[in-house]
Amino acid sequence: MRYFRSNIGAMAGYVPGEQPQADGFIKLNTNENPYAPSPKVCSALRQAIAPSLRLYPEPLSDTLRSTAASVYGVKRSNVIVGNGSDELLSILLRCFVGSQDRVAFPTPTYSLYDTLVDIQDGITVHVDFPSDFAVPESLAGQNAAVTFLCNPNAPSGTLVSLPEVERLARAVSGILVVDEAYVDFAESEGASSIPLISRLPNLVVLRTFSKSYSLAGMRIGLALASDEIISGMMKVKDSYNVNRLSMIAATAALQDPAWMNRNVRRIQRGRKKLMAALRRLGYSVYPSHANFVLARKIGQNLKGVYEELKRRKILVRYFDAPGLQDCLRITVGTPREIQVLLKEMAAIDD
């Protein structure tokens, strides 16, 4: 019981003290989309509030799987739906990782990977990113049952190219899981690894509706992989792991790509302005392809800046971890939120 009490916060991405109940905070610490989901999503949900809620949802989410397969150019048998991509990560480790099996990933990255490996009693293999957050040369040689690559990476926002992803998938000894929670925000089209699954039988690509589709509150995600891998994951998942309303919301979101792309472009414009302004304030900013940026003042612990921003009712993310203590991760908010943030950061620097 002690283990789960100490790690449940990490599993949810919760940071103690960063979720105030009072209104008036500008919340730029959890990478939520500042813009509303598609009106078609809201309309579909209103129609779904009906007596049919007494019925169980589709056990395999086949309607959503078929829609996703059409959107992403794969077969329905290449898609599984989860209660957020976090559940899909858990299913993958339950499928492929037993006691003392190795799981490798470059760090710093998404903290949930560590927690899930611990739950499976696996061996976590951290491989340090180089300074430019390229794929570490030694990552493929770790003899891992599972290798994770968050792409774009969190917290850096940096992107690994498709040729590099393919080289890594061909070189690892087990499966490669490419976590694409933020890929829709990439500057270049064609950044997703989904087209590679047809020729790489050990590749799994994760997608979420929490970020670009503005559906974090619905908790729904997808994994795309070979028929064999998806079939195995289906055997492990709970019978009714996704509720009816989440499926309906995700299906409607996929059917309105124009709305999602509009919001993505707004975030891309905001990201560009935020990065330029932070550099003028003396921060080094990594080239981000996500809906957040990682701002660094080399050698300067930024906990004080984080705490002062919080006192001024602006929440950003500070990592009290080696190699990240001179960084702040900042979600790209609305133009007004960015303006207020930059004004307060400038005042703090003065």
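Biologist: Let's begin with the rings: which residues form one aromatic cluster?

Modeller: In this predicted model, the cluster is made up of Phe105, Tyr110, Tyr113 and Phe148.

Biologist: And how many aromatic pairs does a search of the whole structure find?

Modeller: The search returns 10 aromatic pairs.

Biologist: What makes the pair of Tyr56 and Tyr240 stacked?

Modeller: Two values settle that. The ring centres of Tyr56 and Tyr240 are 4.6 Å apart, and their planes meet at 10 degrees. Centres within 6.5 Å make a pair, and planes under 30 degrees apart count as stacked, so Tyr56 and Tyr240 are a stacked pair.

Biologist: Where do these two tyrosines sit?

Modeller: Tyr56 belongs to the loop between helix 2 (39–48) and helix 3, while Tyr240 belongs to the loop between helix 7 (227–236) and helix 8 (244–254).

Biologist: Why is Tyr56 called exposed, and why does Tyr240 count as partly exposed?

Modeller: Tyr56 has a relative accessible area of 64%, and exposed means over 50%, so Tyr56 is exposed. Tyr240 has a value of 41%, which falls between the 20% and 50% limits, so Tyr240 is partly exposed.

Biologist: What makes the pair of Phe105 and Phe148 tilted?

Modeller: Their ring centres are 6.2 Å apart, with planes at 50 degrees. Stacked needs under 30 degrees and edge-to-face needs over 60, so this pair is tilted. Phe105 lies in strand 3 (residues 102–107) and Phe148 in strand 5 (residues 146–150), 43 residues apart. Both Phe105 and Phe148 are buried.

Biologist: Let's turn to phi. What is the phi of Ser61, and why does Ser61 count as buried?

Modeller: Phi of Ser61 is near 55 degrees, which is positive in a residue that is not glycine. Ser61 sits in the loop between helix 2 and helix 3. Its relative accessibility is 1%, and buried means under 20%, so Ser61 is buried.

Biologist: Why does Glu337 count as buried?

Modeller: The relative accessibility of Glu337 is 19%, and the limit is under 20%, so Glu337 is buried. Glu337 lies in helix 11 (residues 335–349). Leaving aside residues up to four places away in sequence, Glu337 touches Ile26, Leu28 and Pro34. The C-alpha atoms of Glu337 and Lys27 are 8.7 Å from each other, although 310 residues separate the two along the chain.

Biologist: Which residues touch the most other members of the largest nonpolar core?

Modeller: Phe209, Leu278 and Ile330 do, in a core of 102 residues. Helix 9 supplies the largest share of this core, seven residues. A second, separate core has seven residues, including Phe129, Tyr286, Phe319 and Cys327.

Biologist: How do you know where empty space is left?

Modeller: A probe the size of a water molecule is rolled over the atoms. The whole structure has two cavities of 30 Å³ or more. The largest cavity is about 50 Å³ in volume, and its lining includes Pro37, Trp259 and Met260. The second largest cavity holds about 30 Å³ and is lined by Tyr72, Asp184, Arg207, Thr208, Phe209, Ser212 and Tyr213.

Biologist: How much space lies in the second largest pocket?

Modeller: That pocket holds about 520 Å³. Among its 22 lining residues, Asp184, Glu189, Gly190, Met260 and Asn261 are the closest to the centre. Helix 9 gives the largest share of this lining, six residues.

Key:
Residues numbered from 1 in each chain as written. Predicted model: local features only at pLDDT ≥ 70, side-chain atom pairs only at ≥ 80, totals over all residues. Heavy atoms only, no water. 1 Å grid on protein atoms, 1.4 Å probe; cavity = no way out; pocket = protein on both sides within 12 Å on 5 of 7 lines; lining within 4 Å. Points joined across faces, edges and corners; volume = space filled by probe spheres on them. Helix = DSSP H or I, 4+ residues; strand = E, 2+ residues; numbered from the N terminus. Core = buried A, V, L, I, M, F, W, Y, C linked by side-chain atoms within 4.5 Å. Buried < 20%, exposed > 50% of the residue type's maximum accessible area, 1.4 Å probe, protein only. Phe/Tyr/Trp six-rings, centres within 6.5 Å; stacked < 30°, edge-to-face > 60°. Contact = heavy atoms within 4.5 Å.
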